[in-house]
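Here are some notes for your read-through. Please check each point against the coordinates.

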Amino acid sequence: MTALSNDALAASRGRHFLVVFDFDETIINESSDDAVVRALPGQQLPDWLKNCFREGHYNEHMQKVLAYMADQGVSKDSIRSAVEKISPTPGLLNLFQYLQSHQQDFELVVISDANTFFIETWLERAGVRHLFRKIFTNPASFDATGRLVLLPFHSHSCSRCPDNMCKQAILREYLAARQKECGGAPFQRVFYVGDGANDICPSLALRPQDTAFPRRDFPMHRLCWSCSNPRQASLRQMSFLGFMVT
């Protein structure tokens, strides 16, 4: 008989939980895209660049922002420093301490519309990168000229999501892959922690036994309250580190 892997054993014993985190305004307490703008000499974008933003094309807009920052002489070290200075969302580092002490029970991933450089930089600085098995986000790397080049994560057909990323598609693919790797055993429960409008779509992939934590008074929370979909509207008045349980 073939021995079961540790993952399969954990899943088969009913002790295997997945925690999915958004990054901006969920793990960190502001948007990383806004934070890096402070590395500019004037600490803000010109009006012409702000006004070129198109709804649903934020990744495309950030490509222009990063190109502008490079043109203004903002260095890799300056961008890294700006990211490292971002404060964590209150309570999240305590949560990470708890999850670290129960690593045999919890698997952690990030699904974010930020980018690899921002997320990897911040998690490394906070000393929690090792907790995350996988980070799903937009690729970003510095080219030979020192410009941080941002790319879209993938293409998809979801009408609810921005053109560069559907978090539900990512979550479904990950759950299917992990179930296969674990010998057909699914996670006992999935916990989704987010704040934004683009966190609604992945929450619709959750099963009845799973739990979503929309950050209190942020877009995901407000949309859950206003939506007529019973799955999204079934909020209980229960707080957890500034997040609501749904």
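1. Buried here means under 20% relative accessible area, exposed means over 50%, and partly exposed lies in between (1.4 Å probe, protein chains only). The model is predicted: local features need pLDDT of at least 70, side-chain atom pairs count only at pLDDT 80 or more, and totals for chains, interfaces and linings use all residues. Residues are numbered from 1 along each chain as its sequence is written, and side-chain values use heavy atoms, leaving out hydrogens and water.

2. Start with helix α4. Helices (H or I, at least four residues) and strands (E, at least two) are DSSP runs, numbered from the N terminus. α4 covers residues 58–71, 14 residues in total. From first C-alpha to last, α4 reaches 20 Å, close to the 20 Å expected at 1.5 Å a residue. That expected span is 1.5 Å times one less than the number of residues. After α4 comes G73, with a positive phi near 85 degrees.

3. Which residues of α4 are buried? They are N59, H61, M62, V65, L66, A67, Y68 and M69. Their cover includes helices α2 (32–37), α3 (47–50), α5 (76–84) and α7 (116–126). Strands β3 (132–138) and β5 (148–150) are also among the covering elements.

4. Now the annotation. UniProt, in an unreviewed entry, places the feature "binding site" at D33 and D113. The two span 81 residues in sequence, yet no two of their C-alpha atoms are more than 10.3 Å apart, so they gather at one spot. The lining of the largest pocket takes in both D33 and D113. A pocket is an open set of points on a 1 Å grid over the protein atoms alone, where a 1.4 Å probe fits, with protein on both sides within 12 Å along at least five of seven lines; lining residues have an atom within 4 Å of a point. UniProt annotations may be inferred rather than shown by experiment.

5. D33 lies in helix α2. D33 is buried, at 5% relative accessible area. Contact means heavy atoms within 4.5 Å. Beyond four places in sequence, D33 is in contact with Y58, M62 and F118.

6. D113 sits in strand β2 (residues 106–115). D113 is buried too, at 15%. Setting aside residues up to four places away, D113 touches T137, N138, P162, N164, M165, K167 and N198.
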